[in-house]
Amino acid sequence: MANELKPCPFCGRNLLDLQYEDREDRGRSVYRWHAKIVCLNCFGSAMTHGFEPTEEVAKQKAIKAWNRRCNDGT
């Protein structure tokens with residue numbers, strides 16, 4: 001899976017920020033990672049639900065959600 005982010009689908013800019021966090025408030029659960037991509041120009045975003053087992057899985061799911069475009073079938 002590619003780690004390259006496509007430009008913002010809302011404004012077309014490449015001012016993007018990938019954020020992720022360990023949701024420690026979920027206690028001892030293994031499924032507690034959350035990731036989000038935000039456009040720093042228009043604040044469009046794509047994120048995970050926060051129940052990923054690792055930081056890397058959360059990042060990859062957020063990237064996949066961000067890069068998804070209605071017209072390209074992915």
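**Reading the labels in this predicted model**

In the hairpin that joins S2 to S3, five residues lie between the strands, and Phe43 takes a positive phi near 70 degrees.

Me: What makes S2 and S3 count as paired strands?
Reply: Pairing needs at least two bridges between the strands. S2 and S3 (residues 45-47) have three, in the antiparallel sense, so they pass that test. Across this pairing, Lys36 stands opposite Met47 in S3.

Me: And how do you know that S1 pairs with S2?
Reply: The cut-off is again at least two bridges, and S1 and S2 have seven, also antiparallel. Here Leu18 stands opposite Ile37 in S2.

Me: What makes S2 mostly covered?
Reply: A residue is buried when its relative accessible area is under 20%. Six of the seven residues in S2 are buried.

Me: Which residues make up the largest nonpolar core?
Reply: There are ten, including Cys8, Trp33, Ala35, Ile37, Ala46 and Trp66. S2 and helix H1 (55-67) each give two or more of the core's residues. In soluble globular proteins, nonpolar side chains tend to be buried together.

Me: How do you know that Ala46 touches Ala62?
Reply: Contact means heavy atoms within 4.5 Å. Leaving out residues up to four places away in sequence, the contacts of Ala46 include Ala62, Ala35 and Trp66.

How values were computed: Residues numbered from 1 in each chain as written. Predicted model: local features only at pLDDT ≥ 70, side-chain atom pairs only at ≥ 80, totals over all residues. Heavy atoms only, no water. Core = buried A, V, L, I, M, F, W, Y, C linked by side-chain atoms within 4.5 Å. Buried < 20%, exposed > 50% of the residue type's maximum accessible area, 1.4 Å probe, protein only. Helix = DSSP H or I, 4+ residues; strand = E, 2+ residues; numbered from the N terminus.
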